[in-house]
Amino acid sequence: MMSTKFTRTALFISSFKRVPCLSDNSLRRNLSNTSSRWAEVGFIGLGNMGSRMAANLLSKGHKVTVFDVNSMAINTALKQGATNASSPAEIASKLKTIVTMLPASQHVTEVYNGQNGIFNSMKPGTLMLDCSTIDANVSRELATLAEGRSAVFMDAPVSGGVGAAQAGTLTFMVGGGNKDHFDRAKGVLQDMGNGQAAKICNNMLLAIEMIGVSEAMNLGMKLGLEPKLLLEIINMASGQCWTSKVYSPVPGTMENVPSARQYSGGFGTALMSKDLGLAMDAASQVKAPTPLGSLANNLYKLMVNSGFAPKDFSSVFQFIQGAAKNK
């Protein structure tokens, strides 16, 4: 069994070493029997992101069977036209295309390889797309297990947050499989939006960027600058970035962002802290120096321990303001 780097140009694709699925004839036959634009999808995990992703699949005409431990989330999906299953195993026994969107590595492992997991009843040729942000080693292990069952596991973590999930404009970073598998995956992913290694690198950079903008804005305000004017100046100068242009952390400077609604919604601080932890684990494994990433990781951990966990990660501005007041 060999490892291969995958680089493709559709949606947004990670290029990192993964264990690919074997291209044996039986697997190719099983996969080719399913249209690249299928109609029936199993969806497991109906949290803030998953519920909106499943809703987009339904709105685009897919038949969706859902599973979640939260009965309220299930009831909402049923009202939108989904059907429900009693376990991940039941979904796998009926459907050959499955999407999972779960909080952490342990949840993904349980859903796939637990007592009532997908692998217990999965059909040959099943395509599984995991959109969770988890340890890349877990993704590799699941890909290997799926391959041994003549099926395909591809990790497809997302970038964009709850707003993008609602609007159907998520970016998927897909790793694993071959071109045939990717073309098949694209049929469902493109109805929810536009691999783990790329996702954690992106989110580490995003955290650093958010902290930088927050520090700069707080400094400028302490120096007497009006925040909205300062943000406009930054966005016309070399300091401009995605955070300053699209996702301002400063209340009153931008509409329709979490900072405009007391940091509710968006991408939670606890989730950002989790992703930074994954980035630090990966950096340690490959001996990549991440001095700013490490500082960001420590800062977001401190925020979680200080009651900011449920707030959007842009609340780092509020945290920095509070720290300055306490000096």
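So, what classes of residue make up the lining of the largest cavity? There are four nonpolar, three polar and no charged residues; here Ala, Val, Leu, Ile, Met, Phe, Trp, Tyr, Cys and Pro count as nonpolar, Asp, Glu, Lys and Arg as charged, and the others, Gly among them, as polar. This is a predicted model, where local features need pLDDT of at least 70, side-chain atom pairs count only at pLDDT 80 or more, and totals for chains, interfaces and linings use all residues. Residues are numbered from 1 along each chain as its sequence is written, and side-chain values use heavy atoms, with hydrogens and water left out.

Back to our cavity. A cavity is a set of points, on a 1 Å grid over the protein atoms alone, where a 1.4 Å probe fits but cannot get out, and lining residues have an atom within 4 Å of a point. Look for Leu46, Ser51, Ala54, Ala73, Thr76, Ala77 and Gln80 in the lining. Helix α3 (71–79) gives the largest share, three residues. Helices are DSSP runs of H or I, at least four residues, numbered from the N terminus.

Now please find valine 257, in the loop between α11 (242–246) and α12 (269–286). Is valine 257 buried or exposed? It counts as buried, because its relative accessibility is 4%; buried means under 20% relative accessible area and exposed over 50%, with partly exposed in between (1.4 Å probe, protein chains only). Leaving aside neighbours within four places in sequence, valine 257 is in contact (heavy atoms within 4.5 Å) with Val246, Tyr247 and Ser248. Serine 314 is 57 residues from valine 257 in sequence, and 9.4 Å away in space, C-alpha to C-alpha.

Key
On a 1 Å grid over the protein atoms alone, a cavity is a set of points where a 1.4 Å probe fits but cannot get out, and a pocket is an open set with protein on both sides within 12 Å along at least five of seven lines; lining residues have an atom within 4 Å of a point. Helices (H or I, at least four residues) and strands (E, at least two) are DSSP runs, numbered from the N terminus.
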